[in-house]
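Take a look at the sequence and the 3D view, and then follow the helices along with the text.

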Amino acid sequence: MTPEMAAYVDLERALRAGDMAAAQAAVPAFPHGLDPYTHVPLLSLAISWAPVDCVRTMLAAGADPNYVAADGFPALVAAALSGRPDRVELLGVLVAAGADLAARGVNDWTPLHAAASVDDPEAVALLLAAGADSSLRTSIDDRATALEEAEQLGNTRAAAVLRGGT
């Protein structure tokens, strides 16, 4: 195993356990910068694996909620698509830290498109309350708004919130 891969494994274990000291021991640049093995922003990995309190601590220590997402998953898009049971809380932490509500990700989706695509009415409501623009369209594929995406996918709960319902 290469040293970079070993650091990645140690980082994953530390983040999953919520052990910030072990995460810093694995990657001395923690919480800034990129993982030396995958070259993914450390905050991106935390969004995937770490408890919300760890993400909050990383943001307070200066991790950038608007990191360059070469993989197509900016912070809010990654959180919305994560499937985590605490994803709405995570979205709230990222929004409070200044994550870009209009950041474009995979398929040119905004975070609102991502939340609508997984039929997550709570995430949709949080993003709208934070100021997400429901009129934004993707610039590829169907050039759809989040509501149109939700309707095309049969995601009735997210569509209802996007229409102004509950």
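In this predicted model, helix α6 (residues 87–96) packs with α8 at an angle of about 15 degrees, and their axes are 9 Å apart. Angles under 35 degrees count as roughly parallel, and therefore α6 and α8 are described as roughly parallel to each other. Their crossing is right-handed. You can find the contact by looking for Val 88, Leu 91, Gly 92 and Val 95 in α6, which meet Glu 122, Ala 123, Leu 126 and Leu 127 in α8. Sorted by class, this contact of α6 with α8 has six nonpolar, one polar and one charged residues.

Leu 127 lies in helix α8, which covers residues 121–129. Is Leu 127 buried or exposed? At 0% relative accessibility, Leu 127 counts as buried. Which residues is Leu 127 in contact with, leaving aside its neighbours within four places in sequence? They are Val 95, Leu 101, Pro 111, Leu 112, Ala 115 and Ala 132. Take Leu 101 from that list: Leu 127 and Leu 101 are 26 residues apart in sequence, and their C-alpha atoms are 7.4 Å apart in space.

**Helix α3 and its partners**

Now turn to helix α3. The axes of helix α1 (residues 3–17) and helix α3 (residues 42–49) come within 9 Å and cross at roughly 50 degrees. The two helices, α1 and α3, are therefore oblique to each other, and α1 passes α3 in a right-handed crossing. On the α1 side, the contact is made by Tyr 8, Leu 11, Glu 12, Leu 15 and Arg 16, and on the α3 side by Leu 42, Leu 45, Ala 46 and Trp 49. By class, this contact of α1 with α3 has seven nonpolar, no polar and two charged residues.

Helix α3 also meets helix α4 (residues 52–60): their axes come within 9 Å and cross at roughly 160 degrees. That angle makes α3 roughly antiparallel to α4. The crossing of α3 and α4 is left-handed. Leu 42, Leu 43, Ala 46 and Ile 47 of α3 make the contact with Val 55, Met 58 and Leu 59 of α4. How many nonpolar, polar and charged residues does the contact of α3 with α4 have? It has seven nonpolar, no polar and no charged residues.

**A cluster of rings**

Next, look for aromatic side chains. How many aromatic pairs does a search of the whole structure find? The search finds two aromatic pairs, and the table sets them out.

| Ring pair | Distance between centres | Angle between planes | Type |
|---|---|---|---|
| Tyr 8 and Tyr 37 | 5.6 Å | 45 degrees | tilted |
| Tyr 8 and Trp 49 | 5.7 Å | 65 degrees | edge-to-face |

These ring pairs link Tyr 8, Tyr 37 and Trp 49 into a cluster. Each pair joins distant parts of the chain. Tyr 8 is in helix α1 and Tyr 37 is in the loop between α2 (20–26) and α3, 29 residues apart. Trp 49, in helix α3, is 41 residues apart from Tyr 8.

What about accessibility within the cluster? Tyr 8 has a relative accessible area of 18% and is buried. Trp 49 is buried too, with a relative accessible area of 15%, whereas Tyr 37 counts as partly exposed at 36% relative accessibility.

**Details of the backbone**

Finally, here is some background for the backbone. Most residues other than glycine have a negative phi, and most peptide bonds are trans. With that in mind, find Phe 30 and Pro 31: a cis peptide bond joins them, with omega about 5 degrees. Pro 31 has its place in the loop between α2 and α3.

Asn 107 has a phi near 60 degrees, which is positive in a residue other than glycine. Asn 107 is found in the loop between α6 and α7 (111–117), and it is partly exposed, with a relative accessible area of 35%. Asp 119 has a positive phi as well, near 55 degrees. Asp 119 is found in the loop between α7 and α8, and at 13% relative accessibility it counts as buried.

Terms used:
Residues numbered from 1 in each chain as written. Predicted model: local features only at pLDDT ≥ 70, side-chain atom pairs only at ≥ 80, totals over all residues. Heavy atoms only, no water. Axes fitted to C-alpha atoms, helices over the stretch in contact; angles between N-to-C directions. Helix = DSSP H or I, 4+ residues; strand = E, 2+ residues; numbered from the N terminus. Parallel < 35°, antiparallel > 145°, perpendicular 65-115°, else oblique. Left-handed = near helix turned anticlockwise from the far one by under 90°. Contact = heavy atoms within 4.5 Å. Nonpolar A, V, L, I, M, F, W, Y, C, P; charged D, E, K, R; others polar. Phe/Tyr/Trp six-rings, centres within 6.5 Å; stacked < 30°, edge-to-face > 60°. Buried < 20%, exposed > 50% of the residue type's maximum accessible area, 1.4 Å probe, protein only.
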